Each structure stands twice: as C-alpha cells, then as structure tokens.
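Me: I'm new to this structure and would like to learn how to read it. Could you take me through it one feature at a time?

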Amino acid sequence: MTKAYLLALAPALVALPLAASAMPKVGDMVGTKPAEASAALKAAGCPVRDFEAEGGKIEAKCQDADGKAWEIYIDPASGTIVQIKDKG
C-alpha cells in the first residue's frame, strides 16, 4: 500500500470506533409512537426492551452494544429525548 493511501484511510479508521459507540442524546427526535421510538433508538445503537409511562414521560429501557442498560425519557408531546439515565 502506498503512503498516500494509508494517510487517506487513517481518518476513517480513527472514526470507526466512535461510530460504533454512537448513542442517542438529549434533544434527539425519536417519535411519540412506540414503533417510531423503537426504530430510532435501535438505529442510534440502543434497541428498546420495554416502554412504560413515568413522571409524565415515556420511558424506554434499552441496552447498548456493550450490554449496558439505559433509561431514555421521551417527551410524549414532541417525541424528543429529554433525559438519559445510565443504569449500568
């Protein structure tokens, strides 16, 4: 391989682990319906195991690729994530 090729490839190799660990964040729009939110959270790296209502919000319980548990709180009116709790 040429040195120029390796230099061009380097940024992609550095960014790869960051893309794999992408997670939803506060402010992300995931939707107000369970199917929409499940699809959006799965695409963001946190497949949903369960939903429940809590404190006037929708709570989505999900698990990331490393097996870490998360609680994602969604505003039921706007469909945006308002809080994320690490449940380890």
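Reply: Happy to. Let's begin with pairing: two strands pair if DSSP finds at least two bridges between them. Keep in mind that this is a predicted model. Here β1 and β2 pair in the antiparallel sense, over 6 bridges. For one spot to look at, find Ala53, which stands opposite Ile58 in β2.

Me: What holds paired strands together in general, and what order do the strands of this sheet have?

Reply: In general, strands of a sheet pair through backbone hydrogen bonds, and the pairing is either parallel or antiparallel. In this model the sheet is open and has 4 strands in the order β1-β2-β3-β4, with antiparallel pairing. β1 and β4 are the edge strands, each pairing on one side only. On average, neighbouring strands of the sheet are turned by 20° against each other, if you ignore direction.

Me: How many helices go with the strands, and what pattern does the chain follow?

Reply: The chain has 2 helices and 4 strands. Reading along the sequence you get α-α-β-β-β-β. Now look at α2: this helix lies across β1, β2, β3 and β4, and α2 runs at about 130° to β1.

Me: Next, the cysteines. Which residues does the disulfide join?

Reply: The general idea is that a disulfide is a covalent bond between the sulfur atoms of two cysteines. The count in this model comes to 1 disulfide, and it joins Cys46 to Cys62, with 2.0 Å from S to S. The link of Cys46 and Cys62 is right-handed, with 85° about the S-S bond. This pair links distant parts of the chain: Cys46 sits in the loop between α2 (34-43) and β1 (48-54), while Cys62 is in strand β2, 16 residues apart.

Me: Is Cys46 buried or exposed? And what about Cys62, buried or exposed?

Reply: The cut-off to know is that buried means under 20% relative accessible area. Cys46 has a relative accessible area of 0%, so this cysteine is buried. Cys62 is at 0% relative accessibility, so Cys62 counts as buried too. For the chain, buried residues make up 22% of the 88 residues.

Me: How many salt bridges does a search of the whole structure find?

Reply: To read one, look for a side-chain nitrogen of Lys or Arg within 4 Å of a carboxyl oxygen of Asp or Glu. The search finds 3 salt bridges. One of them is between the side chains of Lys25 and Asp28, at 3.5 Å from N to O. Lys25 is at 53% relative accessibility, so this lysine counts as exposed.

Me: Which residue does Glu52 meet in a salt bridge?

Reply: The side chain of Glu52 meets that of Lys61, at 3.5 Å from N to O. Glu52 counts as partly exposed because its relative accessibility is 32%, and Lys61, at 23%, counts as partly exposed as well.

Me: Where in the chain do Asp86 and Lys68 lie?

Reply: First, the contact: the side chains of Asp86 and Lys68 meet in a salt bridge, at 3.0 Å from N to O. Asp86 lies in strand β4 (residues 81-86) and Lys68 in the loop between β2 (57-63) and β3 (69-74), so the pair ties together parts that are 18 residues apart in sequence. Asp86, at 42% relative accessibility, counts as partly exposed, and Lys68, at 32%, also counts as partly exposed.

Note on methods:
Residues numbered from 1 in each chain as written. Predicted model: local features only at pLDDT ≥ 70, side-chain atom pairs only at ≥ 80, totals over all residues. Heavy atoms only, no water. Buried < 20%, exposed > 50% of the residue type's maximum accessible area, 1.4 Å probe, protein only. Disulfide = S-S within 2.5 Å. Axes fitted to C-alpha atoms, helices over the stretch in contact; angles between N-to-C directions. Contact = heavy atoms within 4.5 Å.
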